[in-house]
Amino acid sequence: MLNELKGIDIRIDEPLKKYTYTKVGGPADYLAFPRNRVELSRIVAYANRNKIPWLALGNASNLIVRDGGIRGFVIMFDKLNTVKINGYTLEAEAGANLIETTKIARFHSLTGFEFACGIPGSIGGAIFMNAGAYGGEISHIFLSAKVLTPQGEIKTLDAKDMAFGYRHSSIQESGDIVISAKFALKPGNYEQIDQEMKRLNHLRQLKQPLEYPSCGSVFKRPLGYFAGQLIMEAELKGYRLGGIEVSQKHAGFMVNIAKGKAQDYEDLIAHVIKRVEEKSGITLEPEVRIIGEPLFKSN
């Protein structure tokens with residue numbers, strides 16, 4: 001069936017839990033690792049022509065893949081990871097590791113990317129979510145992105161096209177996927193950049209449960225509140241369903257401590273939302289994306 005895509009790294013019925021930060025997720029029908037834009041375009045054209053669904057994953061960090069897996073093609077961008085510097089502009093392909101990209105900016109004494117020095121994920125995923133931390137966001141440095149449309153066309157979007165908001169960009173609705181992006185940085189002092197990155201990483205290590213698999217921050221910050229504080233006040237810190245636990249280090253995180261399943265995550269998220277609403281009247285909104293199919297479909 002896949003003869004037309006010969007030469008491209010495509011794995012059939014591949015368990016996605018091998019690739020997700022949560023260590024959960026059922027199989028993808030076809031898991032593809034294109035090496036360049038030509039291979040990416042070939043995969044999308046083939047899928048569209050044969051009416052096979054497809055979607056792109058970044059580093060699968062702020063994401064839960066359901067236990068039933070994903071039908072059709074799942075495209076991983078690990079091999080599309082080139083980063084280039086041109087003056088004060090940094091250009092990165094979608095699969096470039098976000099943390100490693102901030103190190104490249106530091107190497108060239110360029111400032112502006114320090115806020116992302118501890119955020120797991122890829123450049124593409126960071127743009128999709130308008131990732132941010134410690135007062136910085138991708139939107140603050142974003143110049144433009146080349147994207148692949150659901151129809152297989154490549155176009156360029158600038159900042160005004162992205163409609164950036166809190167953990168939001170327009171491509172969440174359009175279905176476009178980022179191929180590469182450009183960021184506007186500023187000249188800085190290497191030592192100052194290095195010290196700021198060390199400071200932010202130290203804060204992250206103190207506060208976040210980095211020792212366990214997780215999907216990162218689970219909920220968006222409610223206006224005027226902190227999700228973790230609301231969860232603590234609802235007496236849910238350390239609460240566990242199946243193998244997934246509300247982190248005892250930071251209640252805004254849920255960690256996989258005992259070979260949990262995606263369904264455990266979903267059930268725990270629903271329970272936390274219900275309890276917090278009962279306690280405070282505030283409805284938490286998930287920040288984490290949940291995709292794929294449950295293990296068993298209800299009739």
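Two strands are taken as paired if DSSP finds at least two bridges between them. The legends below describe close-up views of a predicted model.

**View A. An open sheet of 5 strands with antiparallel pairing.** The strand order is β6-β7-β13-β11-β12. The edge positions belong to β6 (83–86) and β12 (154–158); each has a single partner strand, so one side of each is left without a neighbour in the sheet. From one strand to the next, the twist averages 20°. In general, strands of a sheet pair through backbone hydrogen bonds, either parallel or antiparallel.

**View B. The antiparallel pair β11 and β12.** Strand β11 covers residues 142–148 and is joined to β12 by 5 bridges.

**View C. The hairpin of β11 and β12.** Between the strands of this hairpin there are 5 residues. In the hairpin, G152 takes a positive phi near 90°.

**View D. G175 in the loop between α5 and β13.** G175 counts as partly exposed because its relative accessibility is 35%, which falls between the limits of 20% for buried and 50% for exposed. Leaving aside residues up to four places away in sequence, G175 touches L148 and P150. E285 is 110 residues from G175 in sequence, and the C-alpha to C-alpha separation of G175 and E285 is 21 Å.

Definitions and conventions: Residues numbered from 1 in each chain as written. Predicted model: local features only at pLDDT ≥ 70, side-chain atom pairs only at ≥ 80, totals over all residues. Heavy atoms only, no water. Helix = DSSP H or I, 4+ residues; strand = E, 2+ residues; numbered from the N terminus. Axes fitted to C-alpha atoms, helices over the stretch in contact; angles between N-to-C directions. Buried < 20%, exposed > 50% of the residue type's maximum accessible area, 1.4 Å probe, protein only. Contact = heavy atoms within 4.5 Å.
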